[in-house]
There are 2 protein chains.
Amino acid sequence: MSERLGIPLKEVDTPALIIDLDLMEKNIAKMSNFLRGKGVNLRPHVKTHKTPILAHKQIAAGAIGVTCAKLGEAEVMVESGIKDILIANEIVGSQKIERLVNLAKHTNIIVAVDHEANIKELSMAAEKKGVMLRVLVEVNVGMNRCGVEPGEPALNLAKRVVQSKGLKFSGLMGYEGHVVEIVDVEERTREAHLAMKSLMDTKSLIERAGFSVEIVSGGGTGTYDITGVYPGVTEIQAGSYIFMDLTYRKVVPFDCALTILTTVISVQSDRIIVDAGMKSVSPELGMPEVKNHSELIVAELHEEHGIIRSTSGTFHLMVGDKIELIPSHCCTTINLYDRYHAIRNGTLEAIWPIAGRGKSF
Amino acid sequence: MSERLGIPLKEVDTPALIIDLDLMEKNIAKMSNFLRGKGVNLRPHVKTHKTPILAHKQIAAGAIGVTCAKLGEAEVMVESGIKDILIANEIVGSQKIERLVNLAKHTNIIVAVDHEANIKELSMAAEKKGVMLRVLVEVNVGMNRCGVEPGEPALNLAKRVVQSKGLKFSGLMGYEGHVVEIVDVEERTREAHLAMKSLMDTKSLIERAGFSVEIVSGGGTGTYDITGVYPGVTEIQAGSYIFMDLTYRKVVPFDCALTILTTVISVQSDRIIVDAGMKSVSPELGMPEVKNHSELIVAELHEEHGIIRSTSGTFHLMVGDKIELIPSHCCTTINLYDRYHAIRNGTLEAIWPIAGRGKSF
């Protein structure tokens, strides 16, 4: 790629993943400002951006560390100097557990558990490596993914962690992923409260059994202002707020700071074709939107082509023109790219490698 | 990653993109054997595997070169020594066209066109660089994506190419992408014949105008045995046959040679959770299937989790067990990974980087 910093946006070759830096910085500041003084920490989920410099920007704005979905992402963050990382997932198997305890030598790692056998493996590996691995018991608060059931089952796992050498029981994680995209705010609030009540009831049970519950982690971008102020929640995991997408735009008031720059490669009588398809913008939550062109509709995404129709029946674009698409799902779209092109005032200010891209292992 | 060649499949860390080498080699041989002696060339589409060593295996089995969807893929193939490349797409904009003509200095590149302005730009750049760029006129044979309409419009573009310095008119491309996944063989045959008839009528028109049509390119995995034997078609672009997926398995008799190895990270009363989600297996054509476990259904794909239910209501898998998923769409799934793990007789024989991954630009 022949791009030089300082060139205008329209000279960036396509398809390219574009950050509007002013809007992104506004989103980072808005989340920090909302949470400040509310007694809850922000530990942003970096599965969204997968990029060290962005994690460091979030920390500079007040975040206490980061949340990762996968060990491979955590490794990237550790290499960039991040000091406090929650892996909000179960880490299973001897190879991964060895990577995990080695990583814990270099940073403060917290990992989720939901099964006795896993606790035993983690304990043996941590003890052997000589690290004290911090552990959250993951509780199923209604998403029905990972997580032990609330109440006694969670208490029993907590006890098991407390009894395990090399492990420190640090609290609970309960992610209400089934709630975060509910558009109706009353329903979203009601469902988030239900989820957090089951988590807090479990917390009380564990405390009554004599164990300290230092961390209670939950919350996504869609519930930052609900779960984030629920009594007893100590940290939230919101990630998408930094960039937003069409799905979250219906839910919470942050700005869409991420687009795909794409070139018109063909103009036909009833359609134009751009060079961004499913390999450049993920389709699973719906078609992207064309920024600043409300008359244009993305009708189809093929692998490397987007087919765009016009509600007015006419097109004012020519072969070679560039337009921007707003993705319906930022996290999976970003995972298609090796780098961001970061723009301010219409010119290219930075190109940032997405070091965590594809690090699902 | 700590993997050593020779380890058993079950020791490969997950999620991992797995090739069954015996099945893949069988697919390559089967396509070559079918086309041999039929007077049509195979120019396999490498958008599927995006990997030089696999392209070279296809060429060793008789393919005349490769087809690419994007210039970035073509660059990867040229770097690997591939000598004959069709970019089955319009290459638009001065930056890309400069890359294209530079690439044409090092290999035999053929590119598609569907617009006069693009022909003019290509011509100027090719002449300036001192290359003779081979050009196919892309004809819309019913997919309604790129491509000029058949008949006179295609003839007019062909004339324009013939008149342009630096360009050599080499023939026509008409990809019947709207046909290749039709399951009913009679309907698929009828529709493919319709598409190819419009292409051949256009070819005749151009020949009657006095121009030679050396190449007529079309055909995908779903129509290899229809378009591949249609009189006048000189080469077909099939790509997915090398690996197959659930979608193409309903259409043509090749073997599914590609899977995702994934680990069970949580077992709950009514579900198990694996470490492969939408960032490890693409969801847009449907859920993946669990190989060798007909009782298991992938119910949901989250970003980094797959949720699996059992039709029998019980699970015989434990935390740490590994299973394989067969993707519904091989091309977009492969584009999520940086490397293949290639397996033969149950052991790891090679790890191959996917050099073209993400090269959509």
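This is a predicted model: local features need pLDDT of at least 70, side-chain atom pairs count only at pLDDT 80 or more; totals for chains, interfaces and linings use all residues.
Hi everyone. Let me begin with one word: a residue is called buried if 20 or more other C-beta atoms lie within 10 Å of its own.

How confident is the predictor? For chain A, the average pLDDT is 97, and 99% of the residues score at least 70. For the complex, the predictor gives an ipTM of 0.97 and also a pTM of 0.97.

Let's look at chain A as a whole. How many helices and strands does chain A have? There are nine helices and 17 strands in chain A. The radius of gyration of chain A is 22 Å, close to the 21 Å that the globule rule gives for 361 residues, so chain A is as compact as a globular protein of that length. Take the contacts in chain A between residues at least 6 apart in sequence: 67% of them join residues at least 24 apart.

Next, the domains. The domain assignment of chain A gives domain 1, made of 9–16 + 253–353, and domain 2, which covers 38–242. Their C-alpha centres lie 34 Å apart. Where the two domains of chain A touch, five residues of domain 1 are in contact with eight residues of domain 2. Which helix gives the largest share of the domain 1 side? That is helix 9 of chain A, residues 330–334, with three residues. On that side of domain 1, the residues divide into five nonpolar, no polar and no charged.

Now bring in chain B. A rotation of 180°, with 0.0 Å of shift along its axis, superposes chain B on chain A with an RMSD of 0.0 Å. The two copies are thus related as by a two-fold rotation axis. Which residue of chain B comes closest to that rotation axis? You can look for B:Glu284, whose C-alpha is at 2.9 Å.

So how do the chains meet? Between them, 47 residues of chain B are in contact with 47 residues of chain A. Several elements of chain B give two or more residues to the side that touches chain A, among them strand 4 (84–90), helix 4 (94–104), helix 5 (116–129) and helix 9 (330–334). Strand 10 of chain B gives the most to this side, with three residues. By type, the residues on the chain B side divide into 16 nonpolar, 18 polar and 13 charged. And 100% of the interface residues of chain B are also interface residues in chain A, so the copies meet through the same surface.

Most residues other than glycine have a negative phi, and most peptide bonds are trans. With that in mind, have a look at the join between A:Thr14 and A:Pro15, which is a cis peptide bond with omega about -5°. A:Pro15 sits in the segment before strand 1 (16–20) of chain A. In chain B, a cis peptide bond joins B:Thr14 and B:Pro15, with omega about -10°.

Then there is A:Lys50, a residue other than glycine with a positive phi near 60°. You will find A:Lys50 in the loop between strand 2 (41–42) and helix 2 (52–60) of chain A. Is A:Lys50 buried or exposed? A:Lys50 counts as buried, because it has 27 C-beta neighbours inside 10 Å.

A:Met244 is not a glycine, yet its phi is positive, at about 65°. Its place is the loop between strand 9 (235–236) and helix 8 (246–249) of chain A. A:Met244 has 25 C-beta neighbours inside 10 Å, so it counts as buried.

My last stop is A:Glu176, in the loop between strand 7 (167–173) and helix 7 (185–208) of chain A. Why does A:Glu176 count as buried? Because it has 26 C-beta neighbours inside 10 Å. Leaving aside neighbours within four places in sequence, the contacts of A:Glu176 include A:Val141, A:Met143, A:Ala192 and A:Thr227.

Technical notes: Residues are numbered from 1 along each chain as its sequence is written. Chains are lettered from A and ligands numbered from 1 in the order in which they are written. Copies are superposed by least squares on the C-alpha atoms of residues with pLDDT of at least 70 in both. Two residues are in contact if their C-beta atoms, placed from the backbone, lie within 7 Å. Helices (H or I, at least four residues) and strands (E, at least two) are DSSP runs, numbered from the N terminus. A residue is buried if 20 or more other C-beta atoms lie within 10 Å of its own, exposed if 12 or fewer, and partly exposed in between; C-beta atoms are placed from the backbone. The radius of gyration is taken over C-alpha atoms; the globule rule is 2.2 Å times the number of residues to the power 0.38. Ala, Val, Leu, Ile, Met, Phe, Trp, Tyr, Cys and Pro count as nonpolar, Asp, Glu, Lys and Arg as charged, and the others, Gly among them, as polar. pLDDT is the predictor's confidence in each residue, from 0 to 100. Domain bounds come from an automatic or database domain assignment.
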